[in-house]
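This report concerns helix packing and aromatic side chains. Please consult the sequence and the structure while reading.

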Amino acid sequence: MNKKILVLISVLSAIPFIADAATTCSKANLTRCLDSACAINLSSNPAARCQYCGTASAGTPAAGNAMRSVSVGTSAKYSFTDKELKAAPSDPGARYAWATAECIKKVAGCTPDDVTDNYDTLIEQSCKAAGITAEMSNLRAAAAKTKTKSSCKTDVQACIIDSKRCGPDYSACAENADFDKFFSGCSVEATGCDDYFNDIRTELVAARDTAIKNADTIIETIVASYKSEREKKLASVKSNCTDNAGREACINTVCERSMANKCGAGYASERSMATQLCKFYDLACDTLK
């Protein structure tokens, strides 16, 4: 067993599960961050949040050069710069998802749920100001109906085990803080799955714990699998060398596919040529003797 993995597993097993000390999410700073992407020129355009991060039905925001014109006193630490906003999607739904993912990075302790709980109401109010009758909650409910728990888990898991995140063996997410960071980001991308996130997280944490605990077993299984496959191939090669079976099969195939007269009677030259083409069987079999 790999000693480093053994030590890691032993240490993890000896420490009781303790939830990371939760940093309280600052709703004010979270709103400031989201507003810097979704409430541009809000003072002169009450429909800004709806237009930027709500729905395309609200129309296109008025063009202007005051891309940073949000509320006075906004901390640069919790707002997007002009350069960052250039990467923001123009589609309202995609922009909201982008802003959510980036703001929970900027504002410690916040999650996608905090965004939903605190900012969706502001978007709804903005949409009403824009004359949009369909509320965002109805739109979210409609989206949720199109996704099943199984499809949501598949999407989130594929995101989580990406090599840039936890990795297929979850080795980059042994710590809960690392896992939660990636899970939050992947949850933002999995639209229509809000009702399933708690269950999916529980199942993926269990999968992670099992993967880490059985890391050595998995490696041994892979090694054994490759060994078995090599032995099967070797047995197959030896079988082809018995009574020159492989060479004869090769000759017959070449005659059938490549010789004009199929190496028939009176065409010994064709069979001779086919035999030369299959000579590599003799060389391979001599190596095994």
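In this predicted model, helix α9 (residues 176-189) packs against helix α10 (residues 197-213) at an angle of about 140°, and their axes lie 12 Å apart. The two helices are therefore oblique to each other, since only an angle over 145 degrees would count as roughly antiparallel. The crossing of α9 and α10 is right-handed.

On the α9 side, the contact is made by N176, F179, D180, F183 and S187. Their counterparts in α10 are F197, I200, R201, L204, V205 and R208.

F179, F183 and F197 are linked by ring pairs into a cluster. R208 of the α10 contact set lies over the face of F179. A charge also sits over the ring of F182, in this case the charged end of K181. The two placements are listed below.

| Charged residue | Ring | Distance to ring centre |
|---|---|---|
| K181 | F182 | 4.7 Å |
| R208 | F179 | 5.5 Å |

In total, the structure holds 5 aromatic pairs. One of them joins Y96 and Y119, with 6.2 Å from centre to centre and 40° between the planes, a tilted arrangement. Y96 belongs to helix α5 (residues 92-106) and Y119 to helix α6 (residues 112-129), so this pair ties together parts that are 23 residues apart in sequence. Are these two tyrosines, Y96 and Y119, buried or exposed? Both Y96 and Y119 are buried.

Technical notes: Residues numbered from 1 in each chain as written. Predicted model: local features only at pLDDT ≥ 70, side-chain atom pairs only at ≥ 80, totals over all residues. Heavy atoms only, no water. Phe/Tyr/Trp six-rings, centres within 6.5 Å; stacked < 30°, edge-to-face > 60°. Helix = DSSP H or I, 4+ residues; strand = E, 2+ residues; numbered from the N terminus. Buried < 20%, exposed > 50% of the residue type's maximum accessible area, 1.4 Å probe, protein only. Lys NZ or Arg CZ within 6 Å of the ring centre and 35° of its normal. Axes fitted to C-alpha atoms, helices over the stretch in contact; angles between N-to-C directions. Parallel < 35°, antiparallel > 145°, perpendicular 65-115°, else oblique. Left-handed = near helix turned anticlockwise from the far one by under 90°. Contact = heavy atoms within 4.5 Å.
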